[in-house]
Amino acid sequence: MNKKWISFLSSVFSMLLTFSLLTGCGTKPSPSAGSYGQTGSDSDSEKKLSVVASFYPMYDFTQKIGGDRVKVTNLIPSGMEPHDWEPTASDLAALEQADVFVYSGAGMEQWVEDVLNSLEHQDLVTVEASEGITLREGHSHGDEDASESHEEEHETHHDLDETGYDPHVWMAPGNAKQQMENIKNALVKADPDNKEYYASNYSRWSGECDKLDQEYRDRLGEVSGKDIVVSHEAFGYLCEAYGLNQLGIQGIEPDSEPNPGRMAEIQDFVAERGVKVIFSEELVSPKVAQAIADATGAEVRVLSPLEGLSDEQQAAGDDYFSVMRQNLDALKEALQ
């Protein structure tokens, strides 16, 4: 455990002791400000399973499988990029009061191990939703030699990130289906009386994943282009599933800007492959993508990694499936 976490957690323990004395043993806190919404009235919520989800896809999948039998809190507030986010003391307090904690894993939530080790809540059911999914190796571009060929860059992953894996597993519908199944199993473990209800919801939404997968296969099977340039490499599982190639301006985490050599390399790739669209995303500044587009005559459009929804998307009623279909429309138009 690093020094920052040791200092943080030591201060949290005293807060948790005070919190537990104030809340007593019969009630649970309402969702924090990070929640995307509440389910049911306060009286109804006492009968629901209390679930904390690490970030948006986990929140959405849990809400779909849990339906009206769960009350789900999303830890990460709307509009916040999740890669570098870390929980606050109030988030740990919410976990102490929850029945189930759902996180994606594969290195997406790098704070999870330290947080779970700090909790006193021995009955908390935890689920790493990516369990059972074959993970892709991750890499960054910080130390890559700009003279490497583009083909070699797509075929090798030699500069691993901190976790060693690409955590964006939910971007392939088949993986989302597996994550939903893992979440269903966790809800059943915590609430076996409602096993058939959770299984029925899973059957419905796993079918929607299959339908979405077929739509991607049908529509992307018609395009002639296969190369996409994206803000950060969040689309590896999607590209792998449907025969596309991604070139990321940044690596797995969207927290750095490319050096001049990398910029030149990307611009050469765009020109050589006839790329017409540079994809940015909602939670990352588009300025680097726009610079590449300006230099190459391409245009900038949005391709969402679904790491979080904006306030506007929430107001419009968007969810995993609607945003993935928006992505499909964007890909089809850019590649045809």
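Contact here means heavy atoms within 4.5 Å, and helices (H or I, at least four residues) and strands (E, at least two) are DSSP runs, numbered from the N terminus. Axes are lines fitted to C-alpha atoms, for helices over the stretch in contact, and angles run from 0 to 180 degrees between N-to-C directions.

This is a predicted model, in which local features need pLDDT of at least 70, side-chain atom pairs count only at pLDDT 80 or more, and totals for chains, interfaces and linings use all residues. Residues are numbered from 1 along each chain as its sequence is written, and side-chain values use heavy atoms, with hydrogens and water left out.

Let's start with the sheet. Its 4 strands are open, parallel and ordered β2-β1-β3-β4; two strands count as paired if DSSP finds at least two bridges between them. At the edges, each pairing on one side only, are β2 and β4. Neighbouring strands are turned by 20° against each other on average, direction ignored.

| Strand | Residues |
|---|---|
| β1 | 49–53 |
| β2 | 70–74 |
| β3 | 100–103 |
| β4 | 125–128 |

Parallel strands β1 and β2 are joined by 5 bridges, and S50 stands opposite K71 in β2. Across β1, β2, β3 and β4 lies helix α7 (residues 173–190), running at about 170° to β4.

Now for helix α11 (residues 287–296). Its buried residues (under 20% relative accessible area, 1.4 Å probe, protein chains only) are V288, A289, I292 and A293. These cover an arc of only 140° around the axis, so they sit on the same side of α11; the arc is that of the directions from the helix axis to the C-beta atoms. K287 and D294, on the other side, are exposed, that is, over 50%. The cover over the buried residues includes α10 (260–273), β7 (277–280) and β8 (299–302). After α11 comes G297, with a positive phi near 80°.
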